[in-house]
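Let's take a friendly walk through the charged side chains of this protein. Please have the structure open as you read.

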Amino acid sequence: MQTRHKDEDPAGIRFNEPDLPLAVVVTATRWDEPPRMRHHITRQLMKWCNILYVELRVKDEGGLRRVDERLHILTLPSHPLIPTRAYANLPFVNHVENQWHAKKIMHVVRQTNAKSAILVNFVYYFPEIMRYSLFNARVYVCFDEFPKMWRRRSRGNWLRHAYQSRLMQARENRVASTADFCLTPHSGLKRKLETHARDVRMFFHAHEFNTLWRPEATKGAEHTRKNTKCINVAYMGFIHYRLLDQWLLRILDEPDMQLNLIGPVNSHYDISIFSEHPNFVLHAPVSDEPLARLLSSMDVLVMPYDPAIPEVEVLTSTSKLFQYIAVGKPIISSDLPNLMDFPEGVLVKATSPSDFIEKIRLAYEEDCEEYRVLRRGIASENTWDKRGEQLHGYLNELLGDRFFQP
């Protein structure tokens with residue numbers, strides 16, 4: 001018997017404007033988590049579509065609930081009789097649960113009586129949902145090197161890692177091969193997807209800030225920092241295994257620098273290596289305008305990722321990149337081979353811990369109004385509204401009059 005979510009709408013799925021096309025967004029992420037690419041794309045689609053947002057295999061009660069006049073959430077937990085280990089390792093078991101989920105999704109889709117529908121699938125191991133002809137368009141959004149990330153779950157067992165990575169890559173290949181087109185923000189993933197997909201397009205991350213950097217927004221903070229002679233360095237995002245710990249610790253060795261980490265800390269990450277230092281500050285996760293204000297109060301923003309990690313090596317843009325640029329601050333990154341290039345004064349790469357510190361100081365000293373204007377111009381062309389227009393263009397190119405107009 002299906003378990004109802006506590007906020008489930010007993011009347012089933014209903015939209016205020018039922019004649020709008022339906023977009024089914026399938027993710028393994030809750031809607032109420034901090035916003036990431038899947039949330040931003042969904043919000044753009046809501047401008048033109050009704051949305052069925054599917055939370056797949058999350059640890060929650062199942063059910064359907066109405067969040068907005070254009071948004072319903074369908075939560076589908078794991079099958080109660082299928083252990084996670086069996087799902088991860090046995091293709092037949094994986095197919096059985098996926099098919100179970102696909103039928104539940106399609107049951108709700110048919111209830112809407114939508115005249116047209118598209119599928120936007122973020123789940124690389126869910127090819128079963130891609131095969132339904134009811135969808136006018138099927139899009140796969142690949143924003144990470146997910147199959148290779150299974151090594152972290154294999155607990156040092158490299159034979160298991162090799163098997164699971166291969167299995168997961170085979171599932172993603174099936175998803176990509178059945179998509180009308182794939183979107184990815186990383187050139188390395190584009191090259192990989194092109195071996196199976198018919199059409200792969202670059203689709204970078206963006207920022208959601210309503211107001212870009214303004215001189216008056218940080219005037220007081222800049223005056224305070226000049227008096228204290230402290231360089232505020234900040235990293236914003238998930239605090240986990242991808243970071244170069246030793247590079248961040250070098251910041252804490254500098255008496256005139258303060259390290260600010262902004263975001264959620266992974267439960268397996270040892271934050272105590274930083275917390276014993278007096279010039280370290282851990283900020284709770286924030287988003288939207290509070291995040292913009294916090295980032296604006298910093299001097300230099302950093303992305304010290306370990307390029308030896310496969311899912312870091314492919315990075316071309318990151319979820320934070322244009323958020324950093326939008327607040328008008330200089331950016332220092334580790335030397336990521338696929339990271340997109342920018343003009344002088346926007347982003348520079350460091351090759352070692354000592355080079356990292358040197359470039360932070362240089363960026364702080366050389367920051368000027370000319371560079372800030374340059375960053376603001378780049379940010380204005382890389383908003384989520386712009387990405388929404390890009391996605392709308394792709395769908396109209398594919399579907400023409402069969403779908404929607406803005």
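## Charged pairs in the model

Glu172 sits in helix α4 (residues 158-178); helices here are DSSP runs of H or I with at least four residues, numbered from the N terminus. This is a predicted model, in which local features need pLDDT of at least 70 and side-chain atom pairs count only at pLDDT 80 or more, while totals for chains, interfaces and linings use all residues. Residues are numbered from 1 along each chain as its sequence is written, and side-chain values use heavy atoms, with hydrogens and water left out.

With 0% relative accessibility, Glu172 is buried (under 20% relative accessible area; exposed is over 50% and partly exposed in between, with a 1.4 Å probe and protein chains only). The Glu172 side chain joins that of Lys192 in a polar contact of 2.7 Å (a pair of N or O atoms within 3.5 Å, where one must be able to donate a hydrogen and the other to accept it, and residues adjacent in sequence count only if both atoms are side-chain atoms).

How many salt bridges does the structure hold? There are 21, each a side-chain nitrogen of Lys or Arg within 4 Å of a carboxyl oxygen of Asp or Glu. Among them are these:

| Salt bridge | N to O distance |
|---|---|
| Asp385 and Lys47 | 2.8 Å |
| Glu254 and Arg361 | 2.8 Å |
| Glu381 and Lys386 | 3.9 Å |

Asp385 is partly exposed at 42%, and Lys47 is partly exposed at 40%. Glu254 is buried at 16%, whereas Arg361 is partly exposed at 23%. Salt bridges also link Arg138, Asp180 and Arg198 in a network.

How values were computed: Helix = DSSP H or I, 4+ residues; strand = E, 2+ residues; numbered from the N terminus.
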